[in-house]
Amino acid sequence: CDKRLCRRNSASENTTESSAERRIVLLGRSGVGKSASGNTILGLRGSEQFRSDCSFNSVTEKSEAKSAVVAGREVKVIDTPGLSKGKHTPQHVFNEMMKSCLLAEEGLHAFVLVIELGRFEKNDDEIIYLLKKAFGKEALKYAVVLFTHGDRPSSQNIEQNIQANEDLKNLVEMCGGRYCIFNNTSMNNKRQVRELFTKVDEMVQVNGGTAYVGEIVGIARTIMRELRESATDYSDRLSTAWRRFCNWVVTIWVAMCESFTRFLENTIILARTFPHKPAHNYSDLSQMC
Ligand SMILES: Nc1nc2c(ncn2[C@@H]2O[C@H](COP(=O)(O)OP(=O)(O)OP(=O)(O)O)[C@@H](O)[C@H]2O)c(=O)[nH]1
Ligand SMILES: [Mg+2]
């Protein structure tokens with residue numbers, strides 16, 4: 001395998017947090033309420049908001065960062081597009097997940113996996129797969145599940161709901177058992193945002209007071225730093241950074257498709273003992289790289 005890739009998961013260089021700023025990325029399948037949750041977290045109104053809509057098509061196309069001061073501290077939220085049946089391919093979602101590194105080049109404090117309460121689907125599971133491939137297993141130490149639609153009656157017995165669904169239970173366990181509930185129809189409810197940040201702060205503390213800087217985030221950071229120090233024109237710098245970063249993403253994507261193809265082959269052999277098959281056929285995707 002590519003030596004650079006072999007190092008990827010093992011080398012997770014972390015940085016010591018110098019400020020109380022928090023940078024979080026919202027991940028999840030299309031339509032679960034990522035953008036709406038971003039608006040709730042940042043308290044954004046009107047034209048300032050991430051676009052959030054009820055639609056059969058995916059609404060968010062590209063990763064986008066917005067910032068605001070929340071309870072006295074600077075918070076940056078990166079909203080990403082979600083896996084969907086028709087619109088976005090896993091490769092597009094993966095590329096946009098990686099791009100979130102460029103938007104938070106100093107590292108990420110939390111990967112927030114957004115799930116619609118009462119509607120756990122296969123695409124929810126696959127986000128975990130993409131997350132691990134993009135950022136390494138280490139990223140799970142910084143992952144927290146955020147259930148939306150807290151206005152539904154089932155939010156009253158959330159723990160029972162989690163325990164009743166084996167796949168959901170596994171996913172929450174992979175995220176260290178951390179979860180929160182948001183009712184995005186009640187943006188004035190600041191308690192839910194405080195609860196999320198309590199979880200994020202606990203995670204940061206357990207992780208030695210540091211933000212997550214896996215190898216891919218480190219690469220994005222180095223590229224940006226080198227370019228900032230060079231004397232070239234700003235637009236040249238950005239396009240060079242973008243080209244270099246895309247090369248990395250493509251290399252990782254090829255390796256990931258190969259490993260997933262192997263995984264699928266094993267899954268077919270073990271189909272009886274492993275009934276939960278992924279919704280996307282990743283074996284076809286290597287042709288798209
Ligand atoms: N009732 C209710 N509706 C919600 C909640 N959160 C989100 N929604 C609605 O769910 C729909 C989808 O929300 P989005 O924020 O656009 O979902 P998304 O995950 O960003 O979707 P993509 O951008 O397509 O990936 C919108 O109509 C939201 O208003 C919630 O807590 N309660
Ligand atoms: Mg969205």
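**View 1. Phe 111 and the residues it touches in this predicted model****.** Leaving aside residues up to four places away in sequence, Phe 111 touches Val 25, Leu 27, Leu 131, Ala 139, Tyr 142 and Ala 143.

**View 2. The largest nonpolar core****.** This core has 65 residues. Phe 111 is among those with the most contacts inside it, along with Val 112, Leu 113 and Val 144. Helix 9, residues 234–269, gives the most to the core: seven residues. As a general rule, nonpolar side chains in soluble globular proteins tend to be buried together.

**View 3. The shell around ligand 1****.** The shell holds 24 residues. Which of them come nearest to the ligand? They are Gly 33, Ser 52, Cys 54, Thr 60 and Gly 82. Helix 2, residues 34–42, gives the most to this shell, with three residues. By type, the shell divides into 15 polar, six nonpolar and three charged residues.

View 4. Residues 1–18 have a pLDDT below 50. Beyond near neighbours in sequence, that stretch has 34 contacts in the model. Residues 270–277 also have a pLDDT below 50. Here the model has three contacts beyond near neighbours in sequence. Where pLDDT is low, the predicted coordinates should not be read in detail.

Key. Residues numbered from 1 in each chain as written. Chains lettered and ligands numbered in written order. Predicted model: local features only at pLDDT ≥ 70, side-chain atom pairs only at ≥ 80, totals over all residues. Core = buried A, V, L, I, M, F, W, Y, C linked by C-beta atoms within 7 Å. Buried ≥ 20, exposed ≤ 12 C-beta atoms within 10 Å, placed from the backbone. Helix = DSSP H or I, 4+ residues; strand = E, 2+ residues; numbered from the N terminus. Contact = placed C-beta atoms within 7 Å. pLDDT = per-residue confidence, 0-100. Near = placed C-beta within 6 Å. Nonpolar A, V, L, I, M, F, W, Y, C, P; charged D, E, K, R; others polar.
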